[in-house]
Amino acid sequence: AGQHPVLMIFEDAHWTDPTTLELFGRVVDRIRTLRVLLLVTFRLEFQAPWVGRPYVTALTINRLAGRDINAMIDRVVGNKLLPANIRQDIIERTDGIPLFVEEMTKAVLEAESEGAGQRTAASIPSPTLAVPASLQASLMARLDRLGPAKEVAQIGAAIGREFSHALLAAVVTKPEAELESALDRLIAAGLLFRQGVPPYASYLFKHALVQDAAYGTLLREPRRALHARIAEILARQFAEIAENQPELLARHCTEANLIEKAAGFWGKAGQRSLERSALVEAAEQLTRALGQIATLPATPELRREEIKLQVALITPLLHVKGYAAPETKAAAERARLLIEQAEALGESPEDPLLLFSALYGFWTANYVAFNGDVCRDLAAHFLTLAEKQRTTGPLLIAHRITGVSLLCTGAIAEAKAHLDRGIALYNPAEHRPLATRFGVDSAVSVLSYRSWALWILGCPESALADLERALKGAREIGHAAVLMYALGHASFTYMWEGNYAAARALLDVLTALADEKGAAQWKAFGMLVQGWLFAVSGKSADAVHMITSGITAWRSAGATVYVPLHLSHLTRAYAELGQFDDAWRCSGEAITAIEMSKERWYEAEVYRVAGEIALLSGEPDAAKAQTYFERALAVARRQQAKSWELRAAMSMARLWRNQGKRDQARDLLAPVYGWFTEGFDTLDLKEAKAVLDELA
């Protein structure tokens, strides 16, 4: 890259990491070294983000100035003579692009005479008008003078930017000696680089534009025939490549206009990408497969393949675009429609899980853009169908989504019963492969949500055990989407237990993984938990900024679930900054969201925090606070949510203590605290014990 304009981004790098610092130093040193050759300039821009660590955001290499072009021309021509008028043409026409300077100069040197050189330079228009065309013209002129080597360059270009000697030799219909002679000419001309020794060598075009120029000289029909031959040879003679890199065959079949074969290979590539957590690539490849199938005449076989690929597309979109994003919902709707159309033709899907996958996509969309009534109805329908089918896979998922729907609508104990049934059905050998079909491994999901249910019901140690099992399972599976899911859900339980260091460690991994996989929704999830961490750490201004940004990013993906929880943390942060109008606005939004969506699992906490805000204002309103605390207690008791009841009882006990009602305070808090049989080292139970000791 040092020979061409470059933009390198060092965004969010760990600048305390010696490896990063060493790498950046090597980059700068290399650029300074290249300055001798290319006489380029570079600029460093520093910023200080809110975290307070300066980091480099951009490093740019500018185009060459006139004197620098002259110096580069001198290095290329060496001891040869170059007429002044031709040198000036090169300077004027190359616009300071190093690659073009080099290639134009070489094209001139390779011309047969000074007159031919003048014609070469004059025939190429200025790159200020059309740089790619100018560069291509120069490269094509050089290729034309290579004779038989040009054909080898064309075949190599069709294979790819990089190709092996073995594959090239299999495709080229030339004796080995002629092939090696042609390759030597291309290498001597500086168009190819070679690594290794034939027949084990590999080749790389000097620049993608060199490959483009060679490829562009192929006519349409010969080009299609060449790609068909490459695909055939890959499939027949390079079985390992064909198996492990189906996208290569897909590309060649696409270029050969072998649409049905291309669709099959794109579909296989998408499935392989999904298995290795390459979520963006999976979505793109599956979409390409579906697009090509749509151009073919419909047959029962193609309809079955289309349904399979359409269902598969749902999973990567869940994580890349968002669970409730328009693209995800459209994919699920399309899958359901295709299944209905096939059934109307008497073509039931060979795999009964396909229908469940489509239904699951609908449930997920309504869960993330939370609609409690619809979630419970869809889960009940899913469970009815699964019970009729009597196979454990659908039944396991049915109990899982029923449990999650009940949990988030406030039926905590009933939810736990379904989650218990789900985990009892789980068989790793049978059900782990379903993770790529249903967005997440069912055991990881059940354990994650049962951890929440257990904590809310007042079993902190059992909740922690489920959390650790979920994380262990996710790491064993090794699928990025499953791990992000486990990390995100586990962070909630750690936060409730007061283990902020553990939550922060999980959050660091989640954020890095979400960045790597392009999972925008999980990145927003991480922002929200980071804001929560700021809120409990006394960094209220940072909490406001991060939670506000996180909610915006979360909603931009169509998500509204958990928003009441995060609005509650935002409420507290605003109050601690003395911004009580904003605090009450957020509290009101949270209560309205609960009533509209029926997401009631955090309702008691929303009311309790509202009561705390009433006491924090410049003119504390004890009566208003007590009303909110009473609501929180009533909701918690109705939901059997002992952990929320303990928090509400502590808030009320502190209020009564300050009012001199010490006996009432103790009589309220002591029975709730006495109910607990585990988790006495968690933050809430420690605080409750301290309040009771004070009231004794």
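Select helix 27 first: 13 of its 17 residues are buried, so helix 27 is mostly covered. Buried here means under 20% relative accessible area, exposed means over 50%, and partly exposed lies in between (1.4 Å probe, protein chains only). Helices (H or I, at least four residues) and strands (E, at least two) are DSSP runs, numbered from the N terminus.

Before going on, note that this is a predicted model, in which local features need pLDDT of at least 70 and side-chain atom pairs count only at pLDDT 80 or more, while totals for chains, interfaces and linings use all residues. Residues are numbered from 1 along each chain as its sequence is written, and side-chain values use heavy atoms, with hydrogens and water left out.

**Stop 1: along helix 27.** Helix 27 covers residues 520-536.

**Stop 2: zoom out.** The protein has 35 helices and 6 strands. Of its 696 residues, 53% count as buried. Take contacts (heavy atoms within 4.5 Å) between residues at least 6 apart in sequence: 63% of them join residues at least 24 apart. The protein exposes about 30100 Å², with carbon and sulfur atoms supplying 53% of that area. Such areas come from the Shrake-Rupley method with a 1.4 Å probe; for residues, only the protein chains shown count as cover.

**Stop 3: the second largest pocket.** Now select V536, R572, R608, R647 and E687, which lie nearest the centre of the second largest pocket among its 26 lining residues. On a 1 Å grid over the protein atoms alone, a pocket is an open set of points with protein on both sides within 12 Å along at least five of seven lines, whereas a cavity is a set where a 1.4 Å probe fits but cannot get out; lining residues have an atom within 4 Å of a point. The volume of this second largest pocket is about 710 Å³. Grid points are joined across faces, edges and corners, and a volume is the space filled by probe spheres set on the points.

Which helix gives the most to the lining of the second largest pocket? Colour helix 33 (642-658), which gives the most, with 6 residues. Helix 25 (480-497), helix 27, helix 29 (563-576), helix 31 (603-616) and helix 35 (683-695) are among the other elements that each supply at least two residues. The lining has 12 nonpolar, 5 polar and 9 charged residues. Ala, Val, Leu, Ile, Met, Phe, Trp, Tyr, Cys and Pro count as nonpolar, Asp, Glu, Lys and Arg as charged, and the others, Gly among them, as polar.

**Stop 4: helix 29.** Stay with helix 29 and pick H566. Is H566 buried or exposed? It counts as buried, at 2% relative accessibility. Leaving aside residues up to four places away in sequence, H566 touches F492, L528, I547 and I551. Next pick Y562, in the loop between helix 28 (540-556) and helix 29. Y562 has a positive phi near 75°, in a residue other than glycine, and is buried at 3% relative accessible area.

**Stop 5: the largest cavity.** The structure holds 3 cavities of 30 Å³ or more, and about 180 Å³ of space lies in the largest. Its lining draws two or more residues from each of helix 18 (353-368), helix 20 (392-408), helix 23 (442-456), helix 25 and helix 27. Show Y323, Y367, V368, Y449 and Y485, which lie nearest the centre among the 18 lining residues. Helix 18 provides the largest share, 5 residues. By class, the lining has 13 nonpolar, 4 polar and 1 charged residues.

L419 and Y449 are 30 residues apart in sequence and 7.9 Å apart in space, C-alpha to C-alpha. L419 is buried, with a relative accessible area of 0%. Beyond residues up to four places away in sequence, its contacts include H399, R400, V446 and Y449.

**Stop 6: a cis bond.** Finish at P198 and P199, joined by a cis peptide bond with omega about 5°. P199 sits in the loop between strand 5 (192-195) and strand 6 (202-205).

Technical notes: Expected span 1.5 Å × (residues − 1).
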